[in-house]
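Dear colleague,

Please find below the structure that I am handing over to you, together with its sequence.

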Amino acid sequence: MLGLQPPRLTAMPPAALLPPVTVVIDPGDDAVHTHTALAAHHPASGRITLHPGPGTTSETGLAHDLLAALGKPPLLPGHFFAGRQPACQAATAWMTTLPVNRLTVLRAHRLTGRRTMRLLQLRALTGIHLTLVCHRPHLPGALNQVLQTVDYTWLCR
């Protein structure tokens, strides 16, 4: 051929096209905000509300919670090497395949830096609008540090 190269395919939208992350500060842990976010959960309309399970800090646990929120089986069949259960890849695949455009994460003040980075990677891969709801008067250090890597906006309730 005449030196023509195929177009480069990329799954990741340019950062300039990604909506900023929305950070909602709910200092009084008002039940109305939690109930409103949970009521907005409607996968068929593209809105997912994630309420991460208490006591888990792993990325796999977060992926299981996300798969459950999507209505997909959180535990994948088969045998996998230790630490290699592909729940994160499955969650990303479902988020890409389904018409999901908004992800609201409750209790975001409990997320570790790694789990927050996983959500930011999911945002970058899928182009979703990510909302993190912190039920505290201020952001914890780990969350604040990770958010410095992306555009974000604040809402204080």
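I begin with one residue of this predicted model. Leaving aside its neighbours within four places in sequence, Leu103 is in contact with Ile48, Leu50, Leu66, Met95, Leu119, Leu122, Ile128, His129, Leu130 and Thr131.

Leu103 also stands out in the largest nonpolar core, which has 33 residues: together with Leu66 and Leu132, Leu103 touches the most other members. Two or more residues of this core come from each of strand 1 (21–25), strand 2 (47–50), helix 2 (59–69), helix 3 (87–97), strand 3 (102–105), helix 4 (113–126), strand 4 (129–134) and helix 5 (141–147).

Within helix 3, the buried residues are Ala87, Cys88, Ala90, Ala91, Thr92 and Met95. These buried residues pack against helix 2, strand 3 and helix 4.

A search of the whole structure finds one cavity of 30 Å³ or more, and the largest cavity holds about 70 Å³ of space. Its lining consists of Glu59, Leu62, Ala63, Leu66, Cys88, Ala91, Thr92, Arg118, Leu119 and Leu122. Helix 2, helix 3 and helix 4 each supply at least two residues of that lining, with helix 2 giving the largest share, four residues. By class, seven of the lining residues are nonpolar, one is polar and two are charged.

With kind regards

Key
Residues numbered from 1 in each chain as written. Predicted model: local features only at pLDDT ≥ 70, side-chain atom pairs only at ≥ 80, totals over all residues. Heavy atoms only, no water. Core = buried A, V, L, I, M, F, W, Y, C linked by side-chain atoms within 4.5 Å. Buried < 20%, exposed > 50% of the residue type's maximum accessible area, 1.4 Å probe, protein only. Contact = heavy atoms within 4.5 Å. 1 Å grid on protein atoms, 1.4 Å probe; cavity = no way out; pocket = protein on both sides within 12 Å on 5 of 7 lines; lining within 4 Å. Points joined across faces, edges and corners; volume = space filled by probe spheres on them. Nonpolar A, V, L, I, M, F, W, Y, C, P; charged D, E, K, R; others polar.
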